[in-house]
Amino acid sequence: MIESWERDGFIILKNFFNQNDLNLLEEDICLTLENRETRAGNITIDILEGELIGQRLKLVDAPESAIQGAHKVNDLYLESKACRNLNLNRKLCRILETLLGDKPLVINSLSFKKGSQQPHHFDTYYMPPMVKDMMAVTSICLEDQSLETGPLSYYPESHKILPYVFSHGGIHAVPEEMEQATQYIQSELEKRNLKPKTFVGNAGDVFIWHAQLYHGGLPITDHEKTRKTLVTHYWRKHDVEQHRVATIKSGGNYLIREHQNT
Ligand SMILES: O=C(O)CCC(=O)C(=O)O
């Protein structure tokens, strides 16, 4: 596993979760969306289609049309035990610990019903880890996927490309400089002859990608179809101040933080 992580920048765990594990999260998401007044707390959602596209709203304020359409729920892990039980599953944590060399710490989660259609990017553009490369990301398939649902696209071995350094000297994205960053990455992909692959998973599969794996969501070609997914970003437990770490019953850890601003 470590060999393919280092060589390819990702690993795939087939059939990792059973349907019962997935149903517990599915039920919790449904209850949260249906009872927003009492259960949503300060959760925010990003709207992915329709007239509010591109906006970030508090879930409690989101109109029904936004809930029914494509959106991402941000940081459900801060509110939902079912979410934490899944992304901090004991066996999954052991694998992440092997990959990261320390206990994993959930720092962010995204749950979506329809494909994200997000252009290719590095997650370090948005949440660079405290220690270089020490972030892993799990994408848990909550249902069977097909090509029409806009599946995950990724470039194996792209994690070996030296990150683009923005004008502040770091790898955190500066929106005005994204064109140069993308040009740099494209030229590196060509130089190394790296080609994109598509992951079409089944319910219970987990795709784990490296902090520096170049990836995104393909366009959805059948808008009737869903691709229910839970994506979680992990840093290492001991890379943050310990008073910000919460621990669940089974021993998994997550970062205590505020919800995203709208
Ligand atoms: O599965 C996808 O559509 C990609 C999601 C993604 O790129 C991300 O969460 O960083």
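Student: Among contacts between residues at least 6 apart in sequence, what percentage join residues at least 24 apart?
Tutor: In this protein, 79%. Two residues are in contact if their C-beta atoms, placed from the backbone, lie within 7 Å.

Student: Where do the numbers come from?
Tutor: This is a predicted model; local features need pLDDT of at least 70, side-chain atom pairs count only at pLDDT 80 or more, and totals for chains, interfaces and linings use all residues. Residues are numbered from 1 along each chain as its sequence is written.

Student: How many helices and strands are there?
Tutor: The protein has 7 helices and 13 strands. Both are DSSP runs, numbered from the N terminus: helices are H or I with at least four residues, strands are E with at least two.

Student: What percentage of the residues count as buried?
Tutor: Of the 262 residues, 40%. Buried means 20 or more other C-beta atoms lie within 10 Å of the residue's own; exposed means 12 or fewer; partly exposed is in between, with C-beta atoms placed from the backbone.

Student: Let's pick a helix. Which residues of α2 are buried?
Tutor: L22, L25, D28, I29 and T32. Seen down the axis of α2, they fall within an arc of 125°, so they line one face of the helix. The arc is that of the directions from the helix axis to the C-beta atoms.

Student: And which residues are exposed on the other side of α2?
Tutor: Q19, N20, E27, C30 and E34.

Student: What covers the buried ones?
Tutor: The cover includes α3 (36–39), α5 (81–87), β5 and β11 (229–236).

Student: Switching to β4. Which way do its residues point?
Tutor: Strand β4 covers residues 71–74. H71 and V73 point one way, K72 and N74 the other, and all are buried. In a regular strand the side chains alternate between the two faces of the sheet.

Student: In what sense does β4 pair with β2?
Tutor: Antiparallel, over 4 bridges, with β2 at residues 44–47. Two strands pair if DSSP finds at least two bridges between them. D46 has K72 as its bridge partner in β4.

Student: What about β4 and β5, how many bridges there?
Tutor: They pair over 3 bridges, in the antiparallel sense. The bridge partner of N74 in β5 is L110.

Student: Last one: where does L52 lie?
Tutor: In the loop between β2 and β3 (56–58). L52 counts as partly exposed because it has 18 C-beta neighbours inside 10 Å. Not counting residues up to four places away in sequence, L52 touches I47 and A66.
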